[in-house]
Amino acid sequence: PVRGSLAFYRECRKVMGETGGVLSVNLFGTHASFGRHLDRLNKAFDGRVVLLPEIEAGNRIALAFTGEVTPLEPEPLLAQAELVESELKLPARRWARSLLGQAR
């Protein structure tokens with residue numbers, strides 16, 4: 001529970017600094033705590049949080065960002081996702097499309 005507190009997420013952001021970083025958190029999308037964790041992440045990272053589509057067993061990956069906001073370029077992101085998907089057999093193109101949709 002302590003690793004899901006607002007204080008914990010704020011400390012993560014503090015350690016990451018403002019020069020640009022990404023915190024990746026595996027949340028259990030079907031668990032009652034999902035909304036609380038997402039709310040705490042949004043508070044700690046000033047709403048700079050995106051969710052990847054649900055994967056096996058209801059898991060959701062949340063990405064929380066620090067640093068400058070930079071626009072996502074669709075072509076390079078999708079090309080990299082295709083490479084990740086072919087090499088690692090992960091649904092990276094689906095994740096990339098989700099990120100692009102949330103960036104609008």
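**Residues in strands and helices**

Me: In which element does asparagine 26 lie?

Reply: The model is a predicted one, in which local features need pLDDT of at least 70 and side-chain atom pairs count only at pLDDT 80 or more, while totals for chains, interfaces and linings use all residues. Residues are numbered from 1 along each chain as its sequence is written, and side-chain values use heavy atoms, with hydrogens and water left out. Helices (H or I, at least four residues) and strands (E, at least two) are DSSP runs numbered from the N terminus. On that assignment, the element that holds asparagine 26 spans residues 21–28 and is strand β1.

Me: Which residues is asparagine 26 in contact with, leaving aside its neighbours within four places in sequence?

Reply: Asparagine 26 counts as partly exposed, because its relative accessibility is 38%, where buried means under 20% relative accessible area, exposed over 50% and partly exposed in between (1.4 Å probe, protein chains only). Its C-alpha atom is separated by 16 Å from that of phenylalanine 45, which is 19 residues apart from asparagine 26 along the chain. With contact meaning heavy atoms within 4.5 Å, and with neighbours within four places left out, the partners of asparagine 26 are Asn59, Arg60 and Ile61.

Me: What distance separates the C-alpha atoms of asparagine 42 and phenylalanine 65?

Reply: Asparagine 42 is placed in helix α2, residues 34–44, and with 27% relative accessibility it counts as partly exposed. Beyond its neighbours within four places in sequence, asparagine 42 is in contact with Gly47, Arg48 and Val49. Phenylalanine 65 is 23 residues apart from asparagine 42 along the chain, and the separation of their C-alpha atoms is 10.0 Å.

Me: Is serine 98 buried or exposed?

Reply: Serine 98 lies in helix α4, where, apart from neighbours within four places in sequence, it is in contact with Leu51, Leu52 and Pro53. Its relative accessible area is 18%, so serine 98 counts as buried.

**Loops with positive phi**

Me: What is the phi of lysine 89 near?

Reply: Most residues other than glycine have a negative phi. Aspartate 46, in the loop between α2 and β2, has a positive phi of about 50° although it is not a glycine, and it is exposed, with a relative accessible area of 56%. Lysine 89 is found in the loop between α3 and α4 and is exposed as well, at 68% relative accessibility. Its phi is likewise positive in a residue other than glycine, with a value near 60°.

**Pockets**

Me: What volume does the largest pocket have?

Reply: On a 1 Å grid over the protein atoms alone, a cavity is a set of points where a 1.4 Å probe fits but cannot get out, whereas a pocket is an open set with protein on both sides within 12 Å along at least five of seven lines, and lining residues have an atom within 4 Å of a point. Grid points are joined across faces, edges and corners, and a volume is the space filled by probe spheres set on the points. For the largest pocket, that volume is about 410 Å³.

Me: Which of the residues lining the largest pocket are the closest to its centre?

Reply: The lining divides into ten nonpolar, six polar and two charged residues, where Ala, Val, Leu, Ile, Met, Phe, Trp, Tyr, Cys and Pro count as nonpolar, Asp, Glu, Lys and Arg as charged, and the others, Gly among them, as polar. Of the 18 lining residues of the largest pocket, the closest to its centre are Arg48, Phe65, Val69, Thr70 and Leu72.

Me: Which element gives the most to the lining of the second largest pocket?

Reply: The second largest pocket has a volume of about 160 Å³, and its lining residues include Leu52, Pro76, Gln80 and Trp95. By class, this lining has ten nonpolar, one polar and no charged residues. Five of the lining residues come from the element that gives the most, α3.

**The overall fold**

Me: What is the radius of gyration of the protein?

Reply: The protein has four helices and three strands, in the order α-β-α-β-β-α-α from the N terminus on. The globule rule, 2.2 Å times the number of residues to the power 0.38, is compared with a radius of gyration taken over C-alpha atoms. For 104 residues the rule gives 13 Å, and the protein is as compact as a globular protein of that length because its radius of gyration is close to that, at 14 Å.
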